[in-house]
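Hello,

I am passing on the structure we talked about, and below it I have written out what was found. Please read the notes with the model open beside you.

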Amino acid sequence: MDVILTRLPFVLLVGAIIIVCYKISKIFVMKILEINTQKLRFSEIGIISKDTCHAATDGLDLDDNEKYELRTKLKMDLLRHHLKKLDPEEFECDINPSLWDKYTNLIKGKLSKDRKPKA
């Protein structure tokens, strides 16, 4: 009986250390899984934004620099929308306003041409 009572503090200490290590490792594993999930979401957003950007600028009379700026703006808008949940800070991508107007006018003109009935 004396042997059990003398070893009891060591057993409790080791048990407490094991429980703390388990909880800390559980926190780390959950954080790793969360980071992996975010990485997958960013990959999905990257793929979607790339396809959308290329589809939106195909067939338009824009030079490469203008296409690059418009693609960057669309990607930043998609990322900003996704990151609103994580961080309320505003992310802005400055784009040449005349270029944005030119792009919207081209799109509107292309849509209006497509909607006109053919004789």
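Notes on the model

Leu12 is exposed, with a relative accessible area of 57%, where buried means under 20% relative accessible area, exposed over 50% and partly exposed in between, with a 1.4 Å probe and protein chains only. This is a predicted model, in which local features need pLDDT of at least 70 and side-chain atom pairs count only at pLDDT 80 or more, while totals for chains, interfaces and linings use all residues. Residues are numbered from 1 along each chain as its sequence is written, and side-chain values use heavy atoms, with hydrogens and water left out.

Leu12 belongs to helix 1, residues 2-57, and the protein chain as a whole has three helices and zero strands (helices are DSSP runs of H or I with at least four residues, strands are runs of E with at least two, and both are numbered from the N terminus). Together with Met1, Leu5 and Leu8, Leu12 forms a nonpolar patch on the surface, whose accessible area is about 460 Å². Such a patch takes residues with over 30% relative accessible area and no salt bridge, and joins nonpolar side chains (Val, Leu, Ile, Met, Phe, Trp, Tyr) within 5 Å, or like charges within 9 Å; the areas come from the Shrake-Rupley method with a 1.4 Å probe, and for residues only the protein chains shown count as cover.

Leu8 is also where helix 1 has a kink of about 35°, shortly before the proline Pro9, the bend being the angle between axes fitted to the seven residues ending at a residue and the seven starting there. Over its 56 residues, helix 1 should span 82 Å at 1.5 Å a residue, and its end C-alpha atoms are 83 Å apart, which agrees; the expected span is 1.5 Å times one less than the number of residues. The buried residues in helix 1 are Ile45, Ser49, Cys53 and Thr57, and just after this helix Gly59 takes a positive phi of about 80°.

The count comes to one salt bridge, meaning a side-chain nitrogen of Lys or Arg within 4 Å of a carboxyl oxygen of Asp or Glu. It joins the side chains of Glu34 and Lys31 at 3.8 Å, N to O, and these two are about one helical turn apart because they lie three residues apart in helix 1. Glu34 is partly exposed at 39% relative accessibility, and Lys31 is partly exposed at 44%.

In helix 2, residues 64-83, the buried residues include Leu70, Arg80 and Leu83. Of the 119 residues of the protein chain, 14% count as buried.

Best wishes
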